[in-house]
Amino acid sequence: MSATIGGVMAGESAFLRLVEVRNTVRAGAALSTPEYHSAYHPFAEALWIFRTAVRTELGEEIFTPAGLGRPSWSEREYCPQCGQAAP
């Protein structure tokens with residue numbers, strides 16, 4: 001990947017989080033299990049961090065979760081499986 005160190009690091013972090021999701025599913029975790037959600041939510045957040053890093057690389061405007069009407073990038077706030085009430 002041709003990018004700044006920040007962009008490459010954000011991409012690598014997202015990739016490694018995706019590998020964790022794959023390994024969790026491979027180990028037998030169903031989507032409704034705490035194990036899956038412990039892997040998925042950090043991946044969701046890392047993916048959004050990567051997206052904002054790419055926007056920075058391209059000189060595009062950076063947006064925030066609040067700008068998209070979300071409390072965070074991780075999606076935990078909307079997840080009934082994680083024991084947090086949906087808004």
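Mentor: Let's start with serine 72, which touches Pro65 and Glu77 when residues up to four places away in sequence are not counted; contact here means heavy atoms within 4.5 Å. Please keep in mind that this is a predicted model, where local features need pLDDT of at least 70 and side-chain atom pairs count only at pLDDT 80 or more, while totals for chains, interfaces and linings use all residues. Residues are numbered from 1 along each chain as its sequence is written, and side-chain values use heavy atoms, with hydrogens and water left out.

Serine 72 belongs to the segment after α2. Helices (H or I, at least four residues) and strands (E, at least two) are DSSP runs, numbered from the N terminus. With a relative accessible area of 15%, serine 72 is buried; the term buried means under 20%, exposed means over 50%, and partly exposed lies in between, using a 1.4 Å probe and protein chains only. The side chain of serine 72 makes a polar contact of 2.7 Å with the side chain of glutamate 77, and another, of 3.2 Å, with the side chain of serine 74. A polar contact is a pair of N or O atoms within 3.5 Å; within protein, one must be able to donate a hydrogen and the other to accept it, and residues adjacent in sequence count only if both atoms are side-chain atoms.

Now for the aromatic rings. Searching the whole structure turns up four aromatic pairs. In tyrosine 36 and tyrosine 40, the ring centres are 5.9 Å apart and the planes are at 15 degrees, so this pair is stacked. Rings of Phe, Tyr and Trp (its six-membered ring) pair if their centres lie within 6.5 Å; planes under 30 degrees apart are stacked, over 60 edge-to-face, and the rest tilted. Both tyrosine 36 and tyrosine 40 lie in helix α2 (residues 34-57), four residues apart, about one turn of the helix. Tyrosine 36 is buried at 12% relative accessibility, whereas tyrosine 40, at 22%, is partly exposed.

Together with Phe63, Trp48 and Trp73 form one aromatic cluster. Tryptophan 48 has another neighbour: arginine 51 lies over the face of its ring, 4.4 Å from the ring centre. A charge sits over a ring if NZ of Lys or CZ of Arg is within 6 Å of the ring centre and within 35 degrees of the ring normal.

Finally, look at α2 as a whole. The buried residues of α2, among them Tyr36, Phe43 and Trp48, pack against α1 (5-26). After α2 comes glycine 59, with a positive phi near 75 degrees.
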